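Trainee: Hi! Could we go through this protein together? I'd like to learn how to read it.
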Amino acid sequence: MNPGQPPSAEASRQQLRGEPEPIPGQLTLPGMPSPVEASGGQATLPGLEFTAADGRAAADGRAADDSPAYDGDLAAVAAELRGLDGDGSLMAAAIRGALDMLLDGQHTGRYRWDQLHKTEKTHAGTLVEIALARALRLADGTTLDYTIAGADVDCKFSYRLGGWMIPPEADGKLLLLVQASDEDGTWSAGLLRAAGENLRPAGNRDGKRGLNDRGRAAVRWLHARAPLQENALIRLPERDVAAIFALTSGQQRVNELFRRAQRMRVSRTVVATVAMQDDYMKRVRGGGGARDQLRAEGIVIFGDYAGDQVLASALGLPRPGPGEFVSARLVPRPGECGNYARSIRLGGADWLLASAADPPSPAPALPR
């Protein structure tokens, strides 16, 4: 692939307001949880609600009135999965890793689902199934993918919500339904019994059937619209992604990435996709990498060091997680600056996030 000609990105997206400086890439994604949703927990997927008679979620698989609809195996599988990964962090990392492996950005420069070939998309389900088995240490199933709490469970993945196709051998069996989307920045996982009343009557040439309305409503969600580690290249506007990939050297592309993706979490995978080199991490580090080259412009790159995380949080920036970076342009704190402004102490001086009106000034190195 020619690094200067990346596939075009999605159409323009809305821009956030209220930041100290309007940095390209500070966007909101359609379908992302609102601040209200984020503060109140995971949102319920539209059309996939499952509630008890009193309106409370029946997440354990039990019917509202303890009727015969109660599925003891489903409840046991749900309890087992919650015990293995209560907050979903293991599943989230496994799904992210499977998608990144499929895109193989370091060698292909790809970063979007629609850049994959049809056969590769078909292979995504296998990668997700294997990744989840390893992350959760799930035993192989007798006839299906896993054995969980003594029950055979088939894992099905779809990039599109509701797009799962159920094979004949899974009829009547338990399903672990997984969905993830970089465009939405979310992932979901739920359980369902592949009973006839939950499936469409007609199937494809292989006999696989999709869920009907009843089936979609009957999914018992373990995690609904949980945050997926974001792909900064998806969030950036098309013009910014094109400007990054138009540069000829890996180092130049990484530098441009951190100029244009400020105040965003940038993963190691995104750095590898932009650099397209075996030593891609060298393009970020000090000693000649982006950290040194961008400091003259006032841009500081925070990493997953504990000290960097504290400094980034003190400025109100996203806290970089494992294998993540957050860049931001800083300026010295003026003497007349109000007490409300967030600042950090570096090199014996106080530093603030730069505004659009602040001229560039060299920033100090982060303490190590």
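Predicted model: local features only at pLDDT ≥ 70, side-chain atom pairs only at ≥ 80, totals over all residues.

Trainee: What share of the contacts between residues at least 6 apart in sequence join residues at least 24 apart?

Mentor: That share is 59%.

Trainee: OK, on to the inside. How many residues are in the largest nonpolar core?

Mentor: There are 39 residues in the largest nonpolar core. Those with the most contacts inside it are Leu 81, Ile 95, Leu 132, Phe 157, Leu 176, Val 178 and Trp 187. Elements giving two or more residues to this core include α2, α3, α5 and β3.

Trainee: Which element gives the most to this core?

Mentor: That would be α3, with eight residues. As background, nonpolar side chains in soluble globular proteins tend to be buried together.

Trainee: You mentioned Leu 132. What is it in contact with, leaving aside neighbours within four places in sequence?

Mentor: Leu 132 is in contact with Met 91, Ala 94, Ile 95, Arg 137, Leu 138, Tyr 146, Cys 155, Leu 176 and Val 178.

Trainee: How do the axes of α3 and α5 cross?

Mentor: The axes of α3 (residues 89-103) and α5 (residues 118-136) come within 8 Å and cross at roughly 145°. The crossing is right-handed. Among the residues that meet there are Ile 95 and Ala 98 from α3, and Leu 127, Val 128 and Leu 132 from α5. The residues of this contact divide into 14 nonpolar, one polar and one charged.

Trainee: New topic: aromatic pairs. How many are in the whole structure?

Mentor: A search finds five. In one of the pairs, the rings of Phe 258 and Phe 325 have centres 6.0 Å apart and planes at 85°, so this pair is edge-to-face.

Trainee: Which parts does that pair tie together?

Mentor: Phe 258 lies in helix α9 and Phe 325 in strand β9, so the pair ties together parts that are 67 residues apart in sequence. Both Phe 258 and Phe 325 are buried.

Trainee: How many residues of α9 are buried?

Mentor: Eight of the eleven residues in α9 (residues 250-260) are buried, and the helix is mostly covered. The buried ones include Arg 253, Glu 256 and Leu 257.

Trainee: Which residues do ring pairs link into a cluster?

Mentor: Trp 113, Phe 157 and Tyr 159.

Trainee: What about Asp 308, is it buried or exposed?

Mentor: Asp 308 has a relative accessible area of 1%, so this residue is buried. Asp 308 sits in helix α12 (residues 306-314). Not counting residues up to four places away in sequence, Asp 308 touches Arg 291, Ile 301, Phe 302, Gly 303, Leu 366 and Arg 368.

Trainee: Last one: where does Arg 342 lie?

Mentor: Arg 342 lies in the loop between β9 and β10. Its relative accessible area is 49%, so Arg 342 is partly exposed. Arg 342 and Ala 314 are 28 residues apart in sequence and 6.8 Å apart in space, C-alpha to C-alpha. Leaving aside neighbours within four places in sequence, Arg 342 has contacts that include Ser 313, Ala 314 and Trp 351.

Trainee: Thanks, that helps a lot!

Note on methods. Residues numbered from 1 in each chain as written. Heavy atoms only, no water. Axes fitted to C-alpha atoms, helices over the stretch in contact; angles between N-to-C directions. Helix = DSSP H or I, 4+ residues; strand = E, 2+ residues; numbered from the N terminus. Left-handed = near helix turned anticlockwise from the far one by under 90°. Contact = heavy atoms within 4.5 Å. Nonpolar A, V, L, I, M, F, W, Y, C, P; charged D, E, K, R; others polar. Buried < 20%, exposed > 50% of the residue type's maximum accessible area, 1.4 Å probe, protein only. Phe/Tyr/Trp six-rings, centres within 6.5 Å; stacked < 30°, edge-to-face > 60°. Core = buried A, V, L, I, M, F, W, Y, C linked by side-chain atoms within 4.5 Å.
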